Amino acid sequence: MKMQWSKVILICLLWAGCTAQSVCAQIRVLCAGDSITKGYGVDIPYPTRLSNNTGMFTINVGVGGMWASYGLSHIDGWLIAYAPTHVLILYGTNDTGDHPDHNLQNAAEAVIETARKVRAYGAIPIVGTIPPKIGPRAYLMPRVKSFNGYLRSYAADEGILLADIYAAFGSGRGLFISDGFHPNDQGAEIIARTFAEKIQYFSVNPTSIQVQETETTGQTFAV
């Protein structure tokens, strides 16, 4: 019980913001994903929220409309270009869309293979389950649940950290824009916090990463 409360206190302190001398300033977080990561429909994308509220430097390589295979095909180049300490992987919303013949198991395997490449590089991968779909997209929920089931199973087998964004969204009510699958600002906040809870702050060697002063975002936080 004491360890559980210590973790809660640590997360709250980190989310409130880190000092320039803290380990958070040594963390470089690459955020890979589709339009949800890019920030479609929100004022502040979740990677920027994560940076603003923890002091960690984030790199947003989200691209709208992409499937899990896109992340797998690009991860090697991103690792070389950005030298991240952590990689957050959030693909699958497009894979679970209006193409029922698309193999969800293969898509989940692409996410896990991406995580394997991150780990082989020496960074820490964190895989996110995808948010639910509601309203006009609710009929796709069986595919969402199936895809997330594969992710949970494969991540557990591989010992890969998993941020259960789907569970954090609950019913999803009030957390999406009108299309029913792009999170709104409140939803983006939940994604940022859910990933933040899984980042292993103690695992970074402070002498191995240099963060340039020009890498601060300068944006203000808003819910």
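The following conversation discusses a predicted model of a protein chain.

Student: How many helices and strands are in the protein chain?
Tutor: The protein chain has eight helices and five strands.

Student: In what order do the elements run from the N terminus on?
Tutor: The order is α-β-α-α-β-α-β-α-β-α-β-α-α.

Student: What percentage of the residues count as buried?
Tutor: Of the 223 residues in the protein chain, 51% count as buried.

Student: Which residues touch the most other members of the largest nonpolar core?
Tutor: They are Tyr46, Val127 and Phe195, in a core of 55 residues. Helix H5, residues 104-121, supplies the largest share of this core, with seven residues.

Student: Turning to H4 and H5, at what angle do they pack?
Tutor: Helix H4, residues 68-82, packs with H5 at an angle of about 10 degrees, and their axes are 8 Å apart.

Student: Why are they described as roughly parallel?
Tutor: Angles under 35 degrees count as roughly parallel, and H4 and H5 therefore fall into that class.

Student: Which residues make the contact?
Tutor: Among them are Leu72, Ile75 and Leu79 of H4, together with Ala110, Val111 and Tyr121 of H5. By class, the contact of H4 with H5 has nine nonpolar, three polar and three charged residues.

Student: What about the accessible surface of the whole protein chain?
Tutor: The accessible surface comes to about 10500 Å², and 55% of that belongs to carbon and sulfur atoms.

Conventions. Residues numbered from 1 in each chain as written. Predicted model: local features only at pLDDT ≥ 70, side-chain atom pairs only at ≥ 80, totals over all residues. Heavy atoms only, no water. Core = buried A, V, L, I, M, F, W, Y, C linked by side-chain atoms within 4.5 Å. Buried < 20%, exposed > 50% of the residue type's maximum accessible area, 1.4 Å probe, protein only. Helix = DSSP H or I, 4+ residues; strand = E, 2+ residues; numbered from the N terminus. Areas by Shrake-Rupley, 256 points an atom, 1.4 Å probe, with all protein chains shown as cover. Axes fitted to C-alpha atoms, helices over the stretch in contact; angles between N-to-C directions. Parallel < 35°, antiparallel > 145°, perpendicular 65-115°, else oblique. Contact = heavy atoms within 4.5 Å. Nonpolar A, V, L, I, M, F, W, Y, C, P; charged D, E, K, R; others polar.
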